[in-house]
Amino acid sequence: MKFGVVIFPGSNCDEDIIYVLEHVMGQEVVRLWHKDHDLQGAEFIVLPGGFSYGDYLRSGAIARFSPILQEIIAYANKGGYLMGICNGFQILAEAGLVPGALLHNRQRKFICDNVYLKAQTTNSLITSQLDLNRAYKIPVAHGEGNYFADNDTLKALNDHDQVLFRYCDAAGNVTEAANPNGSSENIAGVCNRSRNVFGMMPHPERAADSLLGNEDGLGIFESVLNTAFS
């Protein structure tokens, strides 16, 4: 599979995801500059973490209007695969490609820590190979990761199996105490109704190499490849 990783001014996790895709997963990756209009034949687009355009106005608010996003929005609307991680998730929400919004963490502080996630469905490209009973340790690093959606939107997300991940404790219990940022219903990741656009706040690319002592994020990338080629 050919992946495209978008690079904005302020992106700081682009090389992390490129390393995992190229060197760990053995895939072809192209770098997509924010001013470009050419997706270079990429079959799966990734919006990486960081602080696109310095996070001025709101996180992701300026990146949503970048030239490359216009092409990406059109690509996603035609069914193309698109994933946003952390700042990338914020951009997806700003662009209306996934439901909800990312607000300031409830404690109004930047969080950089390991948290635990529990996959909520295997009916998505990025969770198809995950164990629904397992707690995955994945790092977070964000100041605006508090996922918010109104009651009607939350009901629709649950009714249509669009919640991908929820924050949990090490034993897999989804509790208020395990919620690091105040996200509605402990939600850590969602997909769109068409199931081709995926957003998540934690960083699986930071937990996908044995050198880091944590490979819990590998299952997400393995899900993409195993499902896409099955």
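Which side chain meets R31 in a salt bridge? Select R31 and E15 to find out: their side chains form a salt bridge, at 3.0 Å from N to O. The term salt bridge here means a side-chain nitrogen of Lys or Arg within 4 Å of a carboxyl oxygen of Asp or Glu.

Before moving on, a word on what you are viewing. This is a predicted model, where local features need pLDDT of at least 70, side-chain atom pairs count only at pLDDT 80 or more, and totals for chains, interfaces and linings use all residues. Residues are numbered from 1 along each chain as its sequence is written, and side-chain values use heavy atoms, leaving out hydrogens and water.

Stay with the first pair. R31 sits in strand β2 (residues 28–33) and E15 in helix α1 (residues 14–24), so the contact ties together parts 16 residues apart in sequence. Helices (H or I, at least four residues) and strands (E, at least two) are DSSP runs, numbered from the N terminus. R31 is partly exposed at 40% relative accessibility; buried means under 20% relative accessible area, exposed over 50%, and partly exposed in between (1.4 Å probe, protein chains only).

Next, select R106 and E176, whose side chains meet in a salt bridge of 2.3 Å, N to O. R106 lies in the loop between β5 (101–103) and β6 (111–119), and E176 in the loop between β9 (163–168) and β10 (187–191), so this pair joins parts 70 residues apart in sequence.

Last stop: D161 and R195, a salt bridge with its closest N and O atoms 3.8 Å apart. D161 is partly exposed at 28%, whereas R195 is buried at 16%.
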